[in-house]
Structures are given as structure tokens and as C-alpha cells.
Amino acid sequence: MDAIPVSSPKGSAPADDVILRTVGLTKRYGQRLAVNQLNLDIHRGDVFGLLGPNGSGKTTTLRMALGLVWPTSGDIEIFGGSITNTEHHRLALQRIGAIVEQPAFYPFLTGPENLRGVATFAGMADSAATRARIDEVLTLVSLAERRRDSYKKYSLGMKQRLGIAAALLNNPELVILDEPTNGLDPAGMVEVRALISRLAQEGITVLLSSHLLHEVQQVCTRVGILKEGSLLAQGEVNSLLATEGGLVLSFAEAQMLPRAAEVLHTAGQSGSAPWIRGVHYVPPEPGAWIPPGGWLLAVDAPVERAADANALLAGQGIYAAELRRREASLEQYFLALTGGTATATRAEAPVSAPQGGTK
Amino acid sequence: MTAATAPTATATAPRSLGPWLAQTLRLAGWMLFQARRRVMTKVLGGILLAGFLLLTGGELLAYVAISNQSPARNGCPPAAVQTQETESNGGAGFTCQEPTPEQLEDIKRAQQQEVNSQVQGLTFPVSLGRVGTFTSFLGVLLLCILAGALVGGEYAAGTVRLAISRGVGRGQLVAAQALGLAALALIVAGAMLVLGALSGVVIGPALGGHIPGLPFGGWLELGAYWLALSLNIFIFELVAMFFAILGRSTAAGIGAALGYLVGESIVSTIFVAVSQGIPGEFGQFLGHIPEWLLGVNSGAVPVYVSQSPVDLGISTNSVLVKLTTGHALAVTLGYCVLLIGLSYALVRTRDITD
């Protein structure tokens with residue numbers, strides 16, 4: 001699915017496929033607009049990544065979905081019913097597992113005791129089946145060995161694992177995870193990623209907020225990007241990144257860079273090469289070879305046109321030292337969309353080389 | 001962590017969507033479980049028990065002291081009586097004289113009455129009144145601390161967020177907290193009365209006290225006394241709960257409740273004292289203010305309940321202003337409704353960001 005316009009309240013999926021939908025969701029704290037007219041659709045089976053810089057409204061949105069924060073206006077529909085229907089929302093929440101920000105537990109109780117409390121909150125019966133389920137999720141997050149320790153003795157990573165265990169305790173249909181890898185070591189992060197993938201394979205919908213864009217790109221099928229409370233884009237990760245693909249050229253001589261940019265730009269503008277959508281300078285990736293002049297030339301064009309682009313340049317006596325497919329990343333897309341540092345490197349006017357590019 | 005046994009979507013979760021009340025009772029039970037697992041509960045319980053033992057020990061010491069007291073006064077030898085010296089026999093002082101047999105009999109009778117009174121206080125059922133008065137002071141104080149910690153702790157640890165995000169209704173949360181606190185008050189008041197009863201059937205008779213047979217109404221009175229004591233504890237727990245919710249912290253709950261407990265006692269005493277010095281309607285108005293204060297009324301209920309058909313030995317003079325049982329009970333229950341309502345209004349309308 002392509003990225004949908006911000007103003008579109010509906011996704012392309014049928015209504016009964018949408019497990020969580022926000023409609024014009026707005027939250028205002030005094031003068032500050034935390035969430036502004038947010039329209040999100042989370043489909044059944046999605047691993048949906050909610051992305052955004054600090055203060056963009058991610059956690060506030062999750063809090064509203066979980067009934068912790070009251071929306072100023074707009075609505076949230078979960079499992080087909082509005083949260084304004086208190087009883088529906090209460091029962092819907094019992095089908096959701098969540099961690100919002102840091103996991104919160106009773107410090108003087110052990111892990112199993114805390115999970116017993118979560119089971120009580122979630123309306124699970126105080127039965128042998130519940131106790132067995134508690135043991136199961138503790139094993140799942142590798143905390144069975146520490147079952148006799150009180151929560152206050154747990155490390156940050158163990159606390160996060162207990163939070164994940166609590167989120168999975170009631171076999172939820174929707175799991176909401178706010179920064180689930182916070183405090184985990186690299187191995188723990190990999191395991192959480194594997195766990196999320198496995199949940200998705202088993203049909204459990206996951207709504208995830210994270211700052212770790214690389215992680216999100218690896219596990220999420222769809223993302224929504226927020227900035228200052230507003231939705232900038234949402235859609236399938238592959239579709240969003242397709243717009244970021246293209247070609248990257250580097251040259252052995254610095255003066256060839258602006259010449260190549262001029263040739264390709266003119267060809268794209270004149271219609272002789274309509275498949276060229278744009279040309280701009282980009283810096284090399286960290287650790288990569290730095291060409292003379294310090295810049296690369298990025299061409300927004302289909303990868304299969306690489307030979308045509310090469311031929312265009314060769315016709316003008318310009319030969320690229322390297323021509324390769326540009327690897328699109330969610331990080332680049334995110335930064336470009338939210339006005340991060342990557343955007344600053346994008347030169348909209350390709351005819352003049354960036355500073356240092358003509359050295 | 002291993003993802004090998006991730007739950008399946010089709011697994012049947014042990015889920016109960018029972019009635020609201022059943023869930024609320026389970027939440028109240030969870031609160032009691034938490035209370036039992038807190039170190040603070042054990043410490044406060046220990047203090048209350050130690051206080052009871054000190055009280056009982058003090059009463060026993062007093063009994064021993066009174067029993068062994070010599071009738072002599074101001075340095076007179078045993079079995080002597082004091083007479084006022086006159087001008088003629090050397091000055092304004094005391095002198096000792098051998099008592100007459102009648103005087104000696106009077107002295108012994110007075111001493112025996114004192115001993116009997118002390119023994120009666122250590123004998124069931126009057127022992128309950130003694131323990132009840134103690135519980136109305138130290139029990140209330142300690143349970144204010146526990147209630148503030150239990151309710152405020154939910155905000156400090158962030159577990160209020162855990163509960164609500166799992167489907168616990170906001171009204172349900174407040175109702176469960178109030179029910180849990182009520183159960184705690186009943187447990188503590190009951191436990192203290194059981195201790196008082198045990199000491200009353202063991203210590204009192206051992207010292208020669210007599211346990212009277214209680215009429216049916218007497219047993220009902222003891223039940224009502226238990227409820228009245230619990231209500232007196234509960235109302236201050238509710239004060240702690242309200243302030244813990246208002247301030248979203250343990251410190252706010254404990255501090256404000258203890259502050260109110262002490263503050264009301266001082267303010268009501270001042271009102272009564274000042275009203276006696278101011279003649280006219282304004283003075284009367286000031287004197288009536290304590291009749292509507294929370295602690296004055298809640299403290300009066302057990303005192304009035306303990307008067308008949310069995311006198312548990314608590315003087316009605318201990319109540320600052322003259323009230324009726326109905327008035328005290330109605331005002332106390334009114335405050336209960338008000339505090340629970342205000343707590344609910346706060347929880348209902350506020351965003352949970354803790």
C-alpha cells in the first residue's frame with residue numbers, strides 16, 4: 001500500500017480488518033497540541049511501527065488507546081467499538097497486552113506475584129490455568145530462574161522482560177509496546193525482535209513505538225510517522241521506501257560531479273529521460289569510500305535504468321567510478337520526512353555543486 | 001530470552017469477564033494481598049501489638065502498685081493516718097496518728113475499690129473498651145500511614161497505569177481501594193478486640209475479676225462496637241486515600257491524613273474553648289462547629305455504642321461536644337460518601353500519566 005495522504009481518515013483495508021483506528025484524534029495539554037487530528041489504521045496482523053522524534057505524540061497516542069489519557073477530541077475505535085463506550089473499552093483492554101514507557105510493577109513483589117496482579121487486572125480467573133500461564137510467560141522471557149526475587153532486585157533489562165511477559169500474559173490479540181527494547185542488551189534486542197516476528201506470524205497484531213528505526217524496519221510491516229503530533233505518513237514499509245530508492249554515482253574526479261548532475265538533471269527536465277525524477281548530492285555512508293570532493297550523486301530513478309543513466313553520461317564523456325543501487329532505509333526516509341539531518345544534505349538545485357564538491 | 005514458546009493466537013486464555021462486582025472484590029483482595037506482603041504492614045502491625053502489650057503491661061503494673069499501696073500518706077507509717085497540725089501543737093503541717101478501727105476500715109475499702117476498678121478494666125468485656133480506646137488512637141494513626149502507602153504507592157510505582165490499561169475501570173479502581181481499606185479497618189479493629197477479649201478472659205479472672213454473662217443485646221453491642229471502631233479507622237483511611245490520589249503520592253496521603261488528624265483535634269478543642277469565652281450567638285456558633293467535624297463524629301460513634309446494655313467503661317465525657325449516636329453516625333457516613341465521591345471524581349477526570 002502506498003503512503004496515504006495525512007488527511008485521509010481511512011485505510012484501504014476493509015473496516016472489519018481494522019483492529020484499531022483513530023479518527024481525528026486530538027490531545028491538547030493547555031496551549032500545547034500533543035496530538036493533532038490523527039488518523040491511523042492498524043490492521044489485524046500488522047506489525048505497526050509508530051515513529052517520531054521525542055515529543056511527537058507517540059506515547060500520548062498509545063496512552064489514549066489504553067484509556068490512560070482522555071482525548072480532547074476525536075475518537076479511537078478498538079475491536080470495532082468506540083472507546084467512548086466505557087464497557088466496550090474495558091472489555092477491549094482485556095484483549096490487549098501493553099507496555100507503556102517503563103514497565104510498572106510492585107517493587108516488593110516477586111515476578112510471579114506481579115503477574116498474578118496483572119492477571120487480576122485483566123480479569124483472568126484465579127485458577128491453575130492462570131498460574132500455568134504465568135509460568136509459561138516467565139519461561140518465555142527467561143525469568144523463571146529469578147521467580148523468587150522481588151522486582152526491585154531485577155536489572156533494567158529484566159524489568160523490561162517482565163513487562164513483555166505481562167503484555168503477553170492474557171494471550172492478547174493486540175500487543176502495544178512502547179519502546180520495548182529499552183534497557184535490553186544487544187542479545188535481548190535481537191530476542192525481542194524475534195519474539196515480535198513470531199507474534200506476527202501467529203496472527204497477533206503488534207503496535208510498536210520505537211526510536212530504533214533499524215529495528216523497526218526489520219520487524220514492522222507498516223509504519224506511521226508523527227511529527228509535532230501530526231501524522232506525516234503511514235503505509236507499508238516497502239511502499240514508503242520504494243520512493244527512497246534509486247541510483248548512486250561516484251566519480252574519480254571532483255569536477256565531474258557537477259557536470260554529471262547537470263547532464264542528468266537536464267535530461268530529466270527536457271523529457272529525453274523522463275524516468276529521472278530528481279538529482280541531488282548526498283554524503284557517503286559512514287565508513288564507506290569517500291570520493292574526491294566528498295560527495296556522491298543520488299539519482300531518483302528506477303534501478304533497472306542504471307545502464308541508461310550510465311549511457312547518458314558516457315555520451316557526454318563522463319564516466320562514473322561507481323554506479324550502484326541506492327539502499328533505502330527507514331532512517332533516511334524518517335529523517336527526510338521529519339526534517340532531520342539527512343534532509344539538510346539533500347540539494348534541491350543540482351546545477352550547483354555543494355560546498356567542497358568542486359574542490 | 002527465548003521466543004521458542006511464544007503464545008499462539010488461538011490458545012485459550014483463562015479469561016474471566018465476570019460481573020463488575022466480582023472483579024471489584026478480587027481487586028480489593030489483591031490490595032489486601034499487597035498489604036500483607038509489604039514490610040511496612042509488618043512494621044506497623046508490630047508497633048500496634050507492642051503498643052497493646054505496653055498498655056496491658058502498664059495496667060498490670062498499676063494493679064500491682066495499687067494492690068501493694070500502703071494507706072500511709074506523706075511519710076506516715078503504715079496503718080497511720082494524717083491529721084492537720086494546729087497552731088497549738090506547733091505549726092501548720094501534718095502529723096501521724098494511729099487510725100481508729102473505723103478509719104482503717106474506710107481506707108481499706110477505698111483501696112479495694114481502686115483495685116476492683118483496675119481489675120475490672122482488665123476483665124472481659126470492659127477490657128474491650130480499654131483496647132478500643134487505644135485502637136481509636138494508635139490504630140487510626142497507623143492505618144492512615146498504611147492507607148496512604150497503599151493508595152499513593154500505586155502512583156509512585158506506576159501500577160495505577162498498569163491496572164487501568166488492563167481494563168480496570170476507574171470507578172472500579174476507587175471502589176476496590178475503598179473496599180480494601182474497609183476490610184483492613186475491620187481486620188485491625190477485629191484483631192485488637194480479639195486481643196482485648198483474650199487478655200480480658202485470662203488476666204482479669206486471674207486477678208480475681210469476674211466475667212459477667214452477656215445478654216444477647218450485649219453481644220450485639222460488641223458487634224456494633226467492632227463496626228464503630230472500624231468506621232472510625234476507615235474514615236481516616238479514606239482521608240489518606242483522597243489525599244494520596246490528589247497528590248498522586250504516598251507522602252501526600254500519609255502527610256495530609258496525619259496532619260488532618262492532629263489539626264482537627266487541635267482546632268476543635270480551640271473552637272470549644274473559645275466558644276465558652278464568647279457570650280451570645282457567635283460563641284454558640286463556634287461551639288457548634290466541632291459537631292460537624294469528621295474526627296469528632298467518627299470518634300463519638302464507638303463511645304456512644306459502648307454505653308448499653310453493657311458498659312464498656314468508656315466515659316461519654318471523652319467526646320468533645322455532646323452529640324447523639326444518630327448524628328455522629330450520619331455525619332461520619334456522609335463524610336465517607338463525600339471522600340469516596342471526591343476520590344472518584346479525581347480519578348475519573350484526570351489523565352493517568354504516572
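This is a predicted model: local features need pLDDT of at least 70, side-chain atom pairs count only at pLDDT 80 or more; totals for chains, interfaces and linings use all residues.
Residues are numbered from 1 along each chain as its sequence is written, chains are lettered from A and ligands numbered from 1 in the order in which they are written, and side-chain values use heavy atoms, with hydrogens and water left out.

User: What makes residues of chain A and chain B count as being in contact, and how many do so?
Analyst: Contact means heavy atoms within 4.5 Å. By that rule, 59 residues of chain A are in contact with 45 residues of chain B.

User: How much area is buried between chain A and chain B, and what does the term mean?
Analyst: Buried area is the accessible area (1.4 Å probe) that two parts lose on being put together, summed over both. For chain A and chain B the value is about 4800 Å², with 57% from carbon and sulfur atoms. A:L68, A:W70 and A:F121 supply 15% of the area that chain A buries against chain B, more than any other three residues.

User: Why is the pair A:E113 and B:R37 called a salt bridge?
Analyst: A salt bridge requires a side-chain nitrogen of Lys or Arg within 4 Å of a carboxyl oxygen of Asp or Glu. The closest N and O atoms of A:E113 and B:R37 are 2.8 Å apart, so the pair qualifies. The pair crosses between chains, from helix α3 of chain A to helix α1 (residues 20-37) of chain B. Between chain A and chain B the count is two salt bridges, and over all chains it comes to 15.

User: Why is A:E113 called buried but B:R37 partly exposed?
Analyst: Buried means under 20% relative accessible area, exposed over 50%, and partly exposed in between (1.4 Å probe, protein chains only). A:E113 has 17% and is therefore buried. B:R37 has 24% and is therefore partly exposed.

User: What makes A:R133 and A:E136 a salt bridge, and is each buried or partly exposed?
Analyst: The N to O distance is 3.2 Å, so this pair also meets the rule. Both residues lie in helix α4 of chain A, three residues apart, about one turn of the helix. A:R133 counts as buried at 5% relative accessibility, whereas A:E136 counts as partly exposed at 36%.

User: Why is B:C144 in no disulfide?
Analyst: A disulfide is a pair of cysteine sulfur atoms within 2.5 Å. The structure holds zero disulfides over all chains. The nearest cysteine sulfur to B:C144, that of B:C336, is 13 Å away, which is too far for a bond. B:C144 is buried at 0% relative accessible area, and B:C336 counts as buried at 6%.

Technical notes: Helices (H or I, at least four residues) and strands (E, at least two) are DSSP runs, numbered from the N terminus.
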